[in-house]
Amino acid sequence: MSSKKITFYFCAASASCRSVHMVAKAVDADFDIKYLDLMKGEHRTPEYAAINPTMTVPAMVDGDLKLWEGRAISLYLVKKYGKEQLYPDELIKQALVNRMLFWEATGLATATFNYVHPQIFKREPPCPQREEELKKQIQFLNTELEKRSYAGGDHLTITDLHIFAYLLHPVLVGFNISSCKTPKVDSYVAKLKKELPYFEECNGGLFKMAEMMRQMQTAAKAK
């Protein structure tokens, strides 16, 4: 493997990119970031397609390795840097972490994407049915957090970092997860904001974009 720095290709507001960014910080990876402007189509260039043929973000280059899909990148990072606490080797503990990581991929992330992205990229109004599905997934997480302190066990794992990124994401469209009446989730988010020293660094782009969108909506209503 090359001794050069890892290069990540991110969109600053993307939940999947922010997940990987937090994992990279948690494992003390040596990396550079190249930010892509999706609105300008910078992820659809031939140069980027040679790195990631799906033309999505995130992507990673580590020496000769070109890797895409956020969860695959996160798993690679914890193995490369030997951070077992973030992804345990022990079979049952790993299975429990995987269970919630895969739920995040098929449940929370999908519901979040389906609710948020049509409002941003298609300028659609909020869909009540999609909002209810998102609330359903957050309420499920609340039930799981009634059983343990973190999503995958009794300490922080990569699962928490991925879930956390998606719980923050709906702020882009002004959705507040406190409306779900899920006190365990509310406490969980507050705890991670406080515990993670890299919270602001990895998620600042999300809040900047959310504020920009809020200002645009305010200006549009004033016309």
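Residues count from 1 along each chain as its sequence is written, and side-chain values use heavy atoms, with hydrogens and water left out. Since the model is predicted, local features need pLDDT of at least 70 and side-chain atom pairs pLDDT 80 or more, while totals for chains, interfaces and linings use all residues.

**Exercise 1.** Describe how H1 passes H6.

Step 1: get the elements. Helices (H or I, at least four residues) and strands (E, at least two) are DSSP runs numbered from the N terminus; H1 covers residues 15-26 and H6 residues 158-168.

Step 2: get the geometry. The two axes come within 8 Å and cross at roughly 145 degrees. Axes are lines fitted to C-alpha atoms, for helices over the stretch in contact, and angles run from 0 to 180 degrees between N-to-C directions.

Step 3: list who touches whom, with contact meaning heavy atoms within 4.5 Å. On the H1 side you'll find, among them, Met22 and Val23; H6 brings residues including Leu161 and Phe164.

**Exercise 2.** Work out the strand order of the open sheet and what packs on it.

Step 1: pair the strands (DSSP must find at least two bridges between them). Four strands line up as S2-S1-S3-S4, with mixed pairing.

Step 2: spot the edges. S2 (31-35) and S4 (65-68) each pair on one side only.

Step 3: zoom in. S1 (residues 6-10) runs parallel to S2 over five bridges, and Thr7 has Asp32 in S2 as its bridge partner.

Step 4: H1 touches S1 and S2, at about 155 degrees to S1, while H3 (residues 70-80) lies across S1, S3 and S4.

Key
Left-handed = near helix turned anticlockwise from the far one by under 90°.
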